[in-house]
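Colleague: Could you walk me through this one while I have it open? I'd like to go topic by topic.

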2 protein chains.
Amino acid sequence: MSEVFEPLLRALLQRDHLSADEVAQIRSLPFRKRICERGEQIIPDGARLRESCLVINGFTVRASHLRSGKRQINGLHVPGDFVDLPALLLKKISHNVVALNECEVVFFPHRDLRELCEREPHLTRMLWLLTVCDGAIAKEWITSIGRRVPEEHLAHLICETYTRLNVAGLARDNRFDFPITQADIADIMGLSVVHMNRTIQELRSTGEVTWKGTSVSILDFEALATRADFDATYLNLWKEPR
Amino acid sequence: MSEVFEPLLRALLQRDHLSADEVAQIRSLPFRKRICERGEQIIPDGARLRESCLVINGFTVRASHLRSGKRQINGLHVPGDFVDLPALLLKKISHNVVALNECEVVFFPHRDLRELCEREPHLTRMLWLLTVCDGAIAKEWITSIGRRVPEEHLAHLICETYTRLNVAGLARDNRFDFPITQADIADIMGLSVVHMNRTIQELRSTGEVTWKGTSVSILDFEALATRADFDATYLNLWKEPR
DNA sequence: CGTATGGTTGATCTCACTCAAGGGTTGTGG
DNA sequence: CCACAACCCTTGAGTGAGATCAACCATACG
């Protein structure tokens, strides 16, 4: 089953050309697959890791917990995202990764990734690029949470998620499936659940977004992007020799 | 003058062993030096970059601007920080970098960094590691801004900055120089200047922190770290084969 | 000196939190 | 097949944190 690598290759090929040999090198990586239940902790906080996890199917979030009991989500992973690739270098990560819905994930041993990086400088840079894009998203989130008002922030999150899912081939025609609870979105945006609910209703009432169950529709993407000050540059979705 | 490379080597050697040859390879990188005035924009927003910038001396911040005129700072760079190393892969960055005080920075052409990465897999990973640490800081900032109350957030920022400056050899005995205005800290924490001022006064009044001019003193680091829920793990300041 | 910049203070108002309860849907067991 | 529990969404009311507005002070600088 080669589908394991499709989301990843899709993410890479969006950003640079890969030779047939490079594609083959990636495809030859050994892996173990795992199905995770909704709510399951995929990667525990503070663990010492010997493999890195790639999401094939489903949504996961990266969260930190404070002593006070508060929780902040600082990352959202869609299929094709190399959830904890940084662990290849860090060995230890200080947040945990949780499945939002039933997920299919695969783990690649660090040993094999390491060997790949020893012989393939260009692929190394492409993996590096993935972690850099992840960092760019985090920086954009800082801006959202710090200076965008909740409606703008939510609009931005929707634009970003749509764009990322579109790359993964999971969103089109201004619609996508977003299996997340309002409590989780509140933990993304740093708001209370009650206020989160009211913010969503605000976007609904203006007709900008239709959100029923897990189905999100954007009436006019351009308009929403303008409202949110969303500029996809930071996602680096263009081909370029890297 | 080899001091150009000291802050960088310090940052790297803190996290892994480097061979004499590797150190020599770094030292042999060609560069151009520049002095930046306080408030000067070092790297313009959206520019196409052919070199990456390392801070030798002074403080810089990375900021985003919204249409509304609001500004959010999403990164703080201390000496030894490779400010826009991600640009090596991204080519284009969507935020700008500004000097907080008079800074000494050096630029390394991407061509040379690229060549270095082609032949040195381990050094590549070390540079990669720097960008990953930068990302880890951004994630921690999301948590701070989203879920820490202003006093905790400020305490966390102080602990983080002290720890990072300590690595750079610029802080010890619980004291450091922090040439930043309250308006800038407000843009880091996503607060208004007035409230920022009151938050600082709060930390001062409890005696946890002395802050006069640009000199910041921490009365009891452990106590402040506890208050802020600060755990330096995310800074990855230990030696490990990467 | 006058001016600019940054820090400080007070008053007012609004946004967002908390608390508390009700409603809808799904799944499960009697 | 219905009752109940669990989970999530929704709504209302009261409170408080943080924004905004508007001054005033301190220091550095030309």
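Colleague: How many salt bridges are there over all chains?

Modeller: Keeping in mind that this is a predicted model, the count over all chains comes to 33 salt bridges. One of them joins the side chains of Lys33(A) and Glu104(A), with N and O 3.1 Å apart.

Colleague: OK, what is the strand order in the open sheet of 3 strands in chain A?

Modeller: The order is β1-β7-β3 in chain A, and the pairing is antiparallel. The edge strands are β1(A) and β3(A), the latter covering residues 51-57, and each of these pairs on one side only. From one strand to the next, the twist averages 30 degrees.

Colleague: How many bridges join β3(A) to β7(A)?

Modeller: β3(A) and β7(A) run antiparallel and are joined by 6 bridges; Ser52(A), for instance, has Phe108(A) in β7(A) as its bridge partner.

Colleague: Which strands does helix α4 of chain A lie across?

Modeller: Helix α4 of chain A, residues 110-119, lies across β3(A) and β7(A), and the helix runs at about 60 degrees to β7(A).

Colleague: Switching to the open sheet of 4 strands in chain A, what is the order there?

Modeller: That sheet has the order β8-β9-β11-β10 in chain A, again with antiparallel pairing. Its edge strands, which pair on one side only, are β8(A), residues 171-172, and β10(A), residues 209-212. β10(A) pairs with β11(A), residues 215-218, in the antiparallel sense over 4 bridges, and in β11(A) the bridge partner of Val209(A) is Ile218(A).

Colleague: What packs on that sheet?

Modeller: Helix α6 of chain A, residues 150-167, packs on the sheet and touches β8(A), β9(A), β10(A) and β11(A), with its direction making about 85 degrees with that of β9(A), which spans residues 175-177.

Colleague: Now the interface: how much area do chain B and chain A bury between them?

Modeller: The two chains bury about 5200 Å² between them, and 61% of that is on carbon and sulfur atoms. On the chain B side, Leu89(B), Trp128(B) and Arg147(B) lose the most area to chain A, together accounting for 18% of what that side buries. Counted by residues, 55 of chain B are in contact with 55 of chain A.

Colleague: What about salt bridges and polar contacts across it?

Modeller: The rule finds 10 salt bridges across the interface of chain B and chain A, including one between Arg67(A) and Asp229(B), whose closest N and O atoms are 3.6 Å apart. Between the two chains, 28 residue pairs are in polar contact, both residues being at pLDDT 80 or more.

Colleague: Which element gives the most to the side of chain B that touches chain A?

Modeller: That is α5(B), with 17 residues. Among the other elements that each supply at least two residues to that side are β4(B), residues 60-65, and α9(B), residues 221-228. By class, the side of chain B touching chain A has 23 nonpolar, 13 polar and 19 charged residues.

Methods. Residues are numbered from 1 along each chain as its sequence is written. Chains are lettered from A and ligands numbered from 1 in the order in which they are written. This is a predicted model: local features need pLDDT of at least 70, side-chain atom pairs count only at pLDDT 80 or more; totals for chains, interfaces and linings use all residues. Side-chain values use heavy atoms; hydrogens and water are left out. Contact means heavy atoms within 4.5 Å. Buried area is the accessible area (1.4 Å probe) that two parts lose on being put together, summed over both. A salt bridge is a side-chain nitrogen of Lys or Arg within 4 Å of a carboxyl oxygen of Asp or Glu. A polar contact is a pair of N or O atoms within 3.5 Å; within protein, one must be able to donate a hydrogen and the other to accept it, and residues adjacent in sequence count only if both atoms are side-chain atoms. Ala, Val, Leu, Ile, Met, Phe, Trp, Tyr, Cys and Pro count as nonpolar, Asp, Glu, Lys and Arg as charged, and the others, Gly among them, as polar. Two strands pair if DSSP finds at least two bridges between them. Axes are lines fitted to C-alpha atoms, for helices over the stretch in contact, and angles run from 0 to 180 degrees between N-to-C directions.
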